[in-house]
Number of protein chains: 2
Amino acid sequence: MLQGLVTQEKLVILITRAVLAELREQKRLIPVGVSARHLHISREHLDILYGPGYQLRPLRPLMAGEFAAEEVVTLVGPNLRTIENVRILGPERKQTQVELARTDAFRLGIDPPVRQSGDLGGSPGLVVVGPKGAVVLKEGAIIANRHIHMTPQDAYLLGLKDNDYVDVQALGERGAILHQVQVRVHPKFRTEMHIDTDDANAVGLRCGDRVKILIQGSDT
Amino acid sequence: MLQGLVTQEKLVILITRAVLAELREQKRLIPVGVSARHLHISREHLDILYGPGYQLRPLRPLMAGEFAAEEVVTLVGPNLRTIENVRILGPERKQTQVELARTDAFRLGIDPPVRQSGDLGGSPGLVVVGPKGAVVLKEGAIIANRHIHMTPQDAYLLGLKDNDYVDVQALGERGAILHQVQVRVHPKFRTEMHIDTDDANAVGLRCGDRVKILIQGSDT
């Protein structure tokens with residue numbers, strides 16, 4: 001018998017490896033969150049749009065202490081076309097940041113760069129209108145890059161670290177492998193891929209669907 | 001010398017193979033055409049929308065004798081929301097067919113299937129409005145599948161035939177490999193990939209950009 005040739009110690013190592021490989025395989029399947037257009041807002045701008053000292057009312061909790069707020073705004077592009085009912089995410093941030101899909105940007109007549117959250121230098125502006133006032137943003141409109149929020153535990157199992165880039169595969173009749181997906185690792189995150197509505201509609205994904213991380217170089 | 005071991009006949013075969021491989025490599029790079037929402041219309045429906053016997057006026061020629069017409073319609077979904085300025089493609093077809101992106105379908109409150117052109121059975125309807133009347137379609141709204149029009153010569157060089165499915169890669173900061181791309185081969189076609197605005201906006205493609213055909217199984 002083959003087992004006769006393997007010491008107990010070696011067996012433990014083999015089993016551990018098999019279990020780790022299986023765990024890793026499972027960890028590669030992660031849920032998707034689809035981000036519709038939204039904005040993060042500074043305290044100063046919230047004062048103007050909703051009134052001095054106004055407190056955002058949480059509608060739905062997101063990860064890492066953020067939330068979708070009850071409050072919405074209307075965006076007006078330099079072409080004077082509008083998008084209504086754009087939701088504010090709380091809590092307030094240092095800079096106001098409007099995250100759009102390319103489809104939204106065409107409607108508003110602006111050409112935002114693909115950026116990670118917070119990187120707003122040189123991005124186009126637009127007008128944000130609230131019930132108490134309007135703000136003319138000089139910059140702040142971006143198309144969020146494809147990214148995955150990941151727990152340190154999952155990142156460890158997958159051999160990934162913060163700011164790595166991976167490919168991600170969605171199956172189905174509109175399936176695709178999405179390149180250039182940034183991995184963000186933080187203890188406050190739960191593991192979830194965030195894509196915008198253009199990506200979601202193109203590849204047929206909805207919130208909660210699962211996609212597969214293709215570790216760099218090993219799958220494609 | 002190595003050449004001393006190769007007969008002239010073998011050299012010709014080797015050179016031919018190298019040239020064919022290079023040609024094939026070049027043929028894999030094909031231009032993209034982005035299809036915005038549009039409709040094909042039956043003679044009967046054109047009579048209702050634009051008047052009996054109305055002749056579409058060609059605005060811009062497309063491939064295989066088709067053309068974008070000057071004429072547009074307004075679409076109204078079952079939710080009573082509208083999309084204006086939807087262009088008619090001519091000439092008339094046997095069935096009226098409305099091709100939407102998923103983004104458009106959300107706006108109109110319908111859920112069209114992903115289909116190849118002409119395959120309309122069980123697809124949702126909507127209301128089409130023209131300057132002379134309106135048509136209530138019982139079915140006809142689809143999301144066109146990703147497809148490549150290809151000349152028989154290009155198909156031969158690439159080892160592809162009509163109705164094959166391939167993967168296609170777009171590079172860039174929103175790059176992706178699109179699965180499930182149908183190949184259509186016909187002598188009247190010129191080789192071009194057709195995708196809708198959701199795919200184009202998701203992966204950062206514009207009309208005339210080049211993408212690469214990844215032959216089935218060999219690249220991914």
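Let us start with A:Q182, which is found in strand β13 (residues 176-185) of chain A; strands here are DSSP runs of E with at least two residues, numbered from the N terminus. This is a predicted model, in which local features need pLDDT of at least 70, side-chain atom pairs count only at pLDDT 80 or more, and totals for chains, interfaces and linings use all residues. Residues are numbered from 1 along each chain as its sequence is written, chains are lettered from A and ligands numbered from 1 in the order in which they are written, and side-chain values use heavy atoms, leaving out hydrogens and water.

Is A:Q182 buried or exposed? With 1% relative accessibility, A:Q182 counts as buried, because buried means under 20% relative accessible area, while exposed means over 50% and partly exposed lies in between (1.4 Å probe, protein chains only). Beyond its neighbours within four places in sequence, A:Q182 is in contact (heavy atoms within 4.5 Å) with several residues, including A:Q116, A:H147 and A:Y165.

Now for the aromatic rings. Rings of Phe, Tyr and Trp (its six-membered ring) pair if their centres lie within 6.5 Å; planes under 30 degrees apart count as stacked, over 60 as edge-to-face and the rest as tilted. By this rule there are two aromatic pairs over all chains.

| Pair | Type | Centre to centre | Angle between planes |
|---|---|---|---|
| A:Y50 and A:Y54 | tilted | 5.0 Å | 40° |
| B:Y50 and B:Y54 | tilted | 5.0 Å | 40° |

In chain A, A:Y50 is buried at 13% relative accessible area, and A:Y54 is partly exposed at 22%. In chain B, B:Y50 is buried at 13%, and B:Y54 is partly exposed at 21%.

Note on methods:
Helix = DSSP H or I, 4+ residues; strand = E, 2+ residues; numbered from the N terminus.
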